[in-house]
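Reader: Can we go through this one together? I'd like to start with the inside and then move on to the charged pairs.

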Amino acid sequence: MHIVSFAMFIITGALHLYASWKDKAEQRARTKPLLLGFLLLFYITADSRLCVYLILALAASWLGDILLIPRGNGWFTAGGVSFMFAHLFLILVFSEGIIKELVRWPLALLLALVYGGISALIVRALCGTIPDKMKFPMYFYLLCNTAMNVFACMQMITLGKTGAAVSFIGAVLFFISDCTLFLVRYFKKPEIVFRKHFTVMLTYLAGEFLITQGKIMLG
């Protein structure tokens, strides 16, 4: 069953990316609700020791995908809240694999500062094109993604296993996807992002899959 669900994830993902490359909004809207649904099904059928937090993270991402389909600040905010919960659940996923005695706190702080600085630059670039009331929520959201990446990195360093490295790469791609999404939706020149939604969704789908596959590898 997991092979079938993986194949469906790849097929729908390819269709969605093709529609994104061609900038066809209606076709993207048709496939988007299926993507994380098939990835969630893949995880449930592929892993013998399921992680409830990862299931909740994928489910929250699926809901976020649906909420982001309509245009408008209200829908964008609702989708952001759902994805924020996905990041919080992923923090719980990664925290389970961290060996606390081996955590390198200076590196964790440095990583947080780098991600936090990039997040600040992204939000600053949107000044003038987003309402003032959205600035702090958007920055806070990116900080949640930052924390998720820090936890993923600490899991990779303390465990020293391939699965943890795969998950960290996925977390990095998830962060890139969020940053590019903000630019595509609200930057005055969205074409600054290569092929706009194609880049957003390619990094997003690859990120979500690698996070999931990394967890399966860790068991």
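Reader: Which residues line the largest cavity?
Author: This is a predicted model. In it, the lining of the largest cavity is made up of Leu54, Val93, Phe94, Gln155, Ser167, Ile211, Gly214, Lys215 and Leu218.

Reader: What volume does that cavity have?
Author: About 40 Å³. The structure holds 1 cavity of 30 Å³ or more.

Reader: Which helices each supply at least two residues of its lining?
Author: Helix H4, residues 73-95, and helix H8, residues 197-218. The largest share is from H8, with 4 residues.

Reader: How do the lining residues divide into nonpolar, polar and charged?
Author: For the largest cavity, 5 are nonpolar, 3 polar and 1 charged.

Reader: You mentioned H7. How many residues does H7 have, and how far does it reach?
Author: H7 has 25 residues, and the distance from its first C-alpha to its last is 37 Å. That is close to the 36 Å expected at 1.5 Å a residue.

Reader: Why is H7 described as largely enclosed by the rest of the structure?
Author: Because 19 of its 25 residues are buried.

Reader: Switching to charges. How many salt bridges does the structure hold?
Author: It holds 3 salt bridges. Side chains of opposite charge can pair when their charged atoms come close.

Reader: Start with aspartate 23. Which residue does its side chain meet in a salt bridge?
Author: Lysine 196, at 3.9 Å from N to O. The pair links distant parts of the chain, 173 residues apart. Aspartate 23 sits in the loop between helix H1 (2-21) and helix H2 (25-46), while lysine 196 sits in the loop between helix H7 (162-186) and H8.

Reader: What about arginine 30, which residue is its salt bridge partner?
Author: Glutamate 26, with an N to O distance of 3.9 Å.

Reader: Are arginine 30 and glutamate 26 buried or exposed?
Author: Both arginine 30 and glutamate 26 are exposed.

Reader: One more pair. Which residue meets aspartate 132 in a salt bridge?
Author: Lysine 135 does, at 3.0 Å from N to O. Both belong to helix H6, residues 132-159, and because they are 3 residues apart there, about one helical turn separates them.

Reader: What is the relative accessibility of aspartate 132?
Author: It is 60%, so aspartate 132 counts as exposed. Lysine 135 is partly exposed, with a relative accessible area of 24%.

Key
Residues numbered from 1 in each chain as written. Predicted model: local features only at pLDDT ≥ 70, side-chain atom pairs only at ≥ 80, totals over all residues. Heavy atoms only, no water. 1 Å grid on protein atoms, 1.4 Å probe; cavity = no way out; pocket = protein on both sides within 12 Å on 5 of 7 lines; lining within 4 Å. Points joined across faces, edges and corners; volume = space filled by probe spheres on them. Nonpolar A, V, L, I, M, F, W, Y, C, P; charged D, E, K, R; others polar. Salt bridge = Lys/Arg side-chain N within 4 Å of Asp/Glu carboxyl O. Buried < 20%, exposed > 50% of the residue type's maximum accessible area, 1.4 Å probe, protein only. Expected span 1.5 Å × (residues − 1).
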